[in-house]
Amino acid sequence: MRAPRPKERRAISPRERDLPRQDVRTRPVRLKTAPPEAAPGPMPEPAAVTARPPVSRGSRRGLDAFAFFVANLQTGFGPFLAVYFTQAKWTQSDIGFALTVGSLVSLLGQVPGGAFVDAVRSKRFAAAVSVVGISASALALALWPSFLVVLLAMAVHSAASCILTPAIAAISIGLAGHAGAGERLGRNASFSALGNGFAAAGMGAVGYYLTNDAVFYLTAALVVPTLTAISFIRAEEIAPAPRAPAPVPDRASSGPAAGALRVLLANRALLCFAACMTMFFLANAAMLPLASSMLTLRAGETATALVAACIVVPQAVLVLSAPAVGRAAGRWGRRPMLLLGFAALPVRGLLFAYLDAPHWIVAAQVFDGISAAVFGVLVPLVVSDLTRGTGRFNLSLGAVGTAMGIGAAFSTSLAGMMADRLGTHAAFIGLAMVGVAALGLVALIMPETRREDA
């Protein structure tokens, strides 16, 4: 057998011999052998997810009743105060000073009150303490109607109210969650309007058939059903508001107050909303008092009944429409509802300016009810959207409330000057134009705040 001849090797030049040798041969890739399949068995259970407990019917009904009785409590400090002070032979200057003390405490205490509700762990406790403070103020007015006691009672009532309002909003959002907050706040507004109506009728009858002192005794006694209602709200069903991690303090920071102020000033959308609400109340707050004065001049003896109807009509619209507004805000977004509420204001002002018949003026108050339903739901809801996850909801709600109070305080002065110099007709047109400016401000600068995951 003939052996094969070896192949001739090519001669390698010295230059190629000095170059580093590169191995260009491909190496086989070793495949990792798959582990043998495990024997069939039960799948491993996923990690337990902390599920939010369902809200019981008792908690929902308890919050309904709590909103109703809180409105009863607050109604006792409404127009009945002026009647009570007048019967006690107070001068108008003393009455005005006492009411001014309450207004100033309410204006200055909303931001600290909201910060307190943010800081306290139990929102039910904050609400209960506020209810006790309001009841004690009513009892002090009935028992010791001296000047200093009345001033102290007015201050305590206003301070307690600054805590109570954000506490109710925090409990509502904690129970319903952010997705169901709109409908829940709508129910709150509806039951609150019902409470105002029942309390006005009941306290008016008590004051008429008994004495004006009895109105405040009744107000103080309402603490019992109010605290009973809040006891039905289960604390474990109120989800705490999520908090963002605390920022690293810098040299410019001087404490928690500076951090809270920085959170407010850094939230541009919240500042825009506060500016819009200031403009709204600058136009809105003086409309009903101005219309009441006009009805008094035109209607004579029936003016009291017509003014009462002007108060009842918006409350009735609020009761019927607030839950629907809450559902619509969750379905279509906050901005369309805001535009609706702001648009109702200039329409109402123009109707007041051009309508002469008293019953048509009462009918125009339907637009006030639309605005009241929108803002009773949207103010806490929008603030909740803009502060979600920051732990500053109640503080921000107090800041927006302060802005609303500033607008309302300047509204009566603006309307009074326009009415004295230009007439009531021109004053209504001027307020309507301010309302148009507020509507334009919302359309231009206010973003949609509803999140897709809400």
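Leaving aside its neighbours within four places in sequence, which residues is Ala 142 in contact with? The legends below take up this residue and several other sites. The model is predicted: local features need pLDDT of at least 70, side-chain atom pairs count only at pLDDT 80 or more, and totals for chains, interfaces and linings use all residues. Residues are numbered from 1 along each chain as its sequence is written, and side-chain values use heavy atoms, with hydrogens and water left out.

**Figure 1**
Ala 142 sits in helix 5 (residues 123-143). Helices here are DSSP runs of H or I with at least four residues, strands are runs of E with at least two, and both are numbered from the N terminus. Beyond four places in sequence, Ala 142 touches Tyr 84, Asp 213, Phe 216 and Tyr 217. Contact means heavy atoms within 4.5 Å. Ala 142 has a relative accessible area of 7%, so it is buried. The cut-offs are under 20% for buried, over 50% for exposed and in between for partly exposed (1.4 Å probe, protein chains only). The C-alpha atoms of Ala 142 and Leu 218 are 9.9 Å apart, although 76 residues separate them along the chain.

**Figure 2. The whole chain as context.**
The protein chain has 18 helices and 0 strands. Of its 454 residues, 43% are buried. Among contacts with a separation of 6 or more, 85% join residues 24 or more positions apart.

**Figure 3. Helix 5 against helix 6.**
The axes of helix 5 and helix 6 come within 8 Å and cross at roughly 155 degrees. Axes are lines fitted to C-alpha atoms, for helices over the stretch in contact, and angles run from 0 to 180 degrees between N-to-C directions. Helix 5 is therefore roughly antiparallel to helix 6. Angles under 35 degrees count as roughly parallel, over 145 as roughly antiparallel, 65 to 115 as roughly perpendicular and the rest as oblique. The crossing is left-handed. That term applies if the near helix is turned anticlockwise from the far one by less than a right angle; clockwise is right-handed. Helix 5 contributes residues including Ala 126, Ser 130, Ile 134 and Leu 141. On helix 6, the contact residues include Val 149, His 157, Leu 164 and Ile 171. By class, the contact of helix 5 with helix 6 has 16 nonpolar, 5 polar and 2 charged residues. Ala, Val, Leu, Ile, Met, Phe, Trp, Tyr, Cys and Pro count as nonpolar, Asp, Glu, Lys and Arg as charged, and the others, Gly among them, as polar.

**Figure 4. Helix 6 against helix 7.**
Helix 6 and helix 7 (residues 181-209) have axes that come within 9 Å and cross at roughly 135 degrees. Helix 6 is therefore oblique to helix 7. The crossing is right-handed. Ile 168, Ser 172, Ile 173 and Ala 176 of helix 6 meet Ala 181, Arg 184, Leu 185 and Asn 188 of helix 7. This contact has 5 nonpolar, 2 polar and 1 charged residues.

**Figure 5. A stacked ring pair, Phe 97 and Phe 147.**
Rings of Phe, Tyr and Trp (its six-membered ring) pair if their centres lie within 6.5 Å; planes under 30 degrees apart count as stacked, over 60 as edge-to-face and the rest as tilted. The count comes to 10 aromatic pairs. Phe 97 and Phe 147 have ring centres 6.1 Å apart and planes at 20 degrees, so the pair is stacked. Phe 97 lies in helix 4 (residues 92-119) and Phe 147 in helix 6 (residues 147-176), so the pair ties together parts 50 residues apart in sequence. Phe 97 is partly exposed at 45% relative accessibility. Phe 147 is partly exposed at 33%.

**Figure 6. An edge-to-face pair, Phe 342 and Phe 375.**
Here the ring centres of Phe 342 and Phe 375 are 5.2 Å apart and the planes stand at 90 degrees, so the pair is edge-to-face. Phe 342 belongs to helix 14 (residues 334-354) and Phe 375 to helix 16 (residues 366-386), 33 residues apart. Both Phe 342 and Phe 375 are buried.

**Figure 7. Helix 16 against helix 17.**
The axes of helix 16 and helix 17 (residues 393-422) come within 9 Å and cross at roughly 130 degrees. Helix 16 is therefore oblique to helix 17. Their crossing is right-handed. Contact residues include Val 379 and Pro 380 of helix 16, and Phe 393 and Met 404 of helix 17. By class, the contact has 7 nonpolar, 2 polar and no charged residues.
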